[in-house]
Amino acid sequence: MKRIFLTPKRDTAGTVIVCKGEWDLYSADQVESEIRTLSLPTQPKACRIDFSGVDRFDSAGIVMLLELKERLEKHCESIALEGLNERQQKMLELLAKGYDSQSLPRREENLFAKIGRHTVEKLQMGVEFLRFLGEFSAASLRVLLKPHTFRLRETVYHIEHSGVDALFIIALTSILVGLVIAYQTLVQLQQFGADIYVVDAIGIAITRELGPMITAIVIAGRSASSYAAEIGTMKLTEEISAMETMGFDPYTFLVVPRIVALIVAMPLLIFFADIMGILGGMLATKIQVDISFLYFLQRLQEVLAAKHYILGIIKGPFFALIIAATGCFHGFRVTGDTESIGIETTASVVHAIFFVIACDAVFSVIYTQLGY
């Protein structure tokens, strides 16, 4: 479990920052990270820092306390320190005389410590993602049991935003990929006088693999980042907190419409990408070896079985679920500053593309084992 060192609470008198745990040199990086991402009050009021819950401390912990106090001074009318024992008070007075927020004692980490820390962070993120999927599943079940709660208008909006608005870039990318596949395949086939087999390669490669993959990568770049930025901004401006206060479920209002919209749009986008990719291959073969469009289509009809198209389309809903869920998940991970939005938005695109490629690899193994 992730250790929490700061817990902000609000009351009528203002904001109380409850400090707990071990504030020492070994935890200084984590404490500083929480201080920098701490959700600060939007209106200037009195702030209190409760230090009574700290189990262990050293000079690094007191420096962290001074940094927390300095950060709160920019947003609060007055700052009060509570729960300091005599030893902590003396150390605070001593360090306050020469405190510089830019100089922080840090513990040097060796290679194994860094690997261990990053491993634990990724495992914690994995647990958080499973929790997110559980919340989404529960929200989806509630919507199925009460269909009137389904946000149809928002879903249609996201179908347009994530699907229709992406048609141009998908068309352009698919045509260029079709051209590349055709030219590279013809270079090899012309050595054996087997130019016509370029139709087989283009049709099967585009419909089974490249069409779905191109569409998923483009949508991951557009929609995963969009979802993360939108939800992250709502969390930063406390709109999600206000939604929860009014009794609305953020997953029902924000996550379900986005995921359903992408699941609906993705197979249609893959079908469109298949057509554009094959069109690009047709243009390349016409230019390079003068195969007419009519002959190309006749050959394509002979060699391209319906199963290849269906096997590619089947991947669409799975890719859509991965992309939308990853974008929404990283949006909910945004903390109290604008830098966090950029970090989580970038992470959403990277992770979405990685998981899409991994999912495609799983599908390839399954199709091979099934003889497809």
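Asp360 counts as buried because its relative accessibility is 8%, where buried means under 20% relative accessible area, exposed over 50%, and partly exposed in between (1.4 Å probe, protein chains only). The model is predicted: local features need pLDDT of at least 70, side-chain atom pairs count only at pLDDT 80 or more, and totals for chains, interfaces and linings use all residues. Residues are numbered from 1 along each chain as its sequence is written, and side-chain values use heavy atoms, with hydrogens and water left out.

**Surroundings of Asp360**

- Asp360 belongs to helix H12 (residues 338-370); helices (H or I, at least four residues) and strands (E, at least two) are DSSP runs, numbered from the N terminus.
- Apart from neighbours within four places in sequence, Asp360 is in contact with Glu209, Met213, Lys315 and Phe319, contact meaning heavy atoms within 4.5 Å.

**Surroundings of Ile49**

- Ile49 is part of strand E3 (residues 46-57), and its relative accessible area of 0% makes this residue buried.
- Not counting residues up to four places away in sequence, Ile49 touches Ile17, Cys19, Leu65, Leu68, Lys69, Leu72, Ile79, Ala80, Leu81 and Glu82.
- Between Ile49 and Gly83 there are 8.3 Å in space, C-alpha to C-alpha, while the two are 34 residues apart in sequence.

**Helices H9 and H10**

- The axes of H9 (residues 250-289) and H10 (residues 293-303) come within 10 Å and cross at roughly 130 degrees; axes are lines fitted to C-alpha atoms, for helices over the stretch in contact, and angles run from 0 to 180 degrees between N-to-C directions.
- H9 and H10 are therefore oblique to each other, given that angles under 35 degrees count as roughly parallel, over 145 as roughly antiparallel, 65 to 115 as roughly perpendicular and the rest as oblique.
- From H9, Ile278, Gly281, Met282, Leu283, Thr285 and Lys286 meet Phe293, Phe296, Leu297 and Leu300 of H10.

**The two sides of H10**

- Phe296, Arg299 and Leu300 are the buried residues of H10.
- Viewed down the axis of H10, these buried residues fall within an arc of 105 degrees, so they line one face of the helix; the arc is that of the directions from the helix axis to the C-beta atoms.
- The buried residues of H10 pack against helix H7 (198-236) and H9.
- Leu294, Gln301 and Glu302 are exposed on the other side of H10.
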